[in-house]
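Here is a short briefing on one protein chain. Please look over its sequence and structure first.

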Amino acid sequence: SQLIVLLWREDSRTLHISDGDSRLAALIRHIDHHMADPIDFSELADTYSIPLRTMARRMVEATGLSPNNYLGRVRLCHAMRMLVQGNDSVTDIAFACGFNDSNYFSSRFHQEIGVTPMQFRKQRSTAVMHS
């Protein structure tokens, strides 16, 4: 699906950030690298000297997603990689990707991706075996 393709992209060139907006780029990189940690967006806005409302607006402009939705997508993208590349349990993957509850993770994953984490793993491993 198109969503999965978008989730797998990590190329910063796909983000619409102007050259003069290094603080926003740094903030987005921070989210990407610390997605497993609890993130307080008002603290992050202060750290990068961007007012919270401005940060939210500029993130939507750059990524098409609110800060919270962007964080959720980054976490799901990382989980997708872990499901395909490793044998960790769904619970371990949920916690490694910043979800505090594996049931919530499975529910969000199914809602966003259209299949459960285990179905996703099975589909991907079957696709790899048949290619």
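Predicted model: local features only at pLDDT ≥ 70, side-chain atom pairs only at ≥ 80, totals over all residues.

Residues are numbered from 1 along each chain as its sequence is written, and side-chain values use heavy atoms, with hydrogens and water left out. The protein chain holds eight helices and zero strands.

**Fold and surface**

- Read from the N terminus, the elements run α-α-α-α-α-α-α-α. Helices (H or I, at least four residues) and strands (E, at least two) are DSSP runs, numbered from the N terminus.
- The protein chain has 131 residues, and 38% of them count as buried. Buried means under 20% relative accessible area, exposed over 50%, and partly exposed in between (1.4 Å probe, protein chains only).
- Take the contacts (heavy atoms within 4.5 Å) between residues at least 6 apart in sequence. Of these, 59% join residues at least 24 apart.
- The accessible surface of the protein chain is about 8000 Å², with 49% belonging to carbon and sulfur atoms. Areas come from the Shrake-Rupley method with a 1.4 Å probe; for residues, only the protein chains shown count as cover.

**Nonpolar core**

- The largest nonpolar core has 34 residues. Such a core is a set of buried Ala, Val, Leu, Ile, Met, Phe, Trp, Tyr and Cys residues joined through side-chain atoms within 4.5 Å.
- Leu-27, Ile-31, Met-59, Phe-105 and Phe-109 have the most contacts inside this core.
- α2 (22–33), α3, α4, α5, α6 (90–96) and α7 each supply at least two residues of this core. The largest share, eight residues, comes from α5.
- Leaving out residues up to four places away in sequence, Phe-109 touches Leu-76, Met-80, Leu-83, Gly-114, Val-115, Thr-116, Pro-117 and Phe-120.

**Second largest pocket**

- This pocket holds about 160 Å³ of space. On a 1 Å grid over the protein atoms alone, a cavity is a set of points where a 1.4 Å probe fits but cannot get out; a pocket is an open set with protein on both sides within 12 Å along at least five of seven lines. Lining residues have an atom within 4 Å of a point. Grid points are joined across faces, edges and corners, and a volume is the space filled by probe spheres set on the points.
- The lining includes Asn-68, Gly-72, Arg-75, Phe-99, Asp-101, Tyr-104 and Arg-108.
- α5 (67–85) and α7 (102–113) each give at least two lining residues. The largest share, five residues, is from α5.
- The lining divides into three nonpolar, five polar and three charged residues. Ala, Val, Leu, Ile, Met, Phe, Trp, Tyr, Cys and Pro count as nonpolar, Asp, Glu, Lys and Arg as charged, and the others, Gly among them, as polar.

**Single residues**

- Gly-72 is found in helix α5. Gly-72 is buried, because its relative accessible area is 7%. Its C-alpha lies 8.5 Å from that of Met-35, 37 residues away along the chain.
- Asp-101 sits in the loop between α6 and α7. At 36% relative accessibility, Asp-101 counts as partly exposed.
- Lys-122 belongs to helix α8 (residues 117–129). Its relative accessibility is 56%, so Lys-122 counts as exposed.
- Ser-49 lies in the loop between α3 (41–47) and α4 (52–63). Ser-49 is not a glycine, yet has a positive phi of about 50°. Most residues other than glycine have a negative phi.
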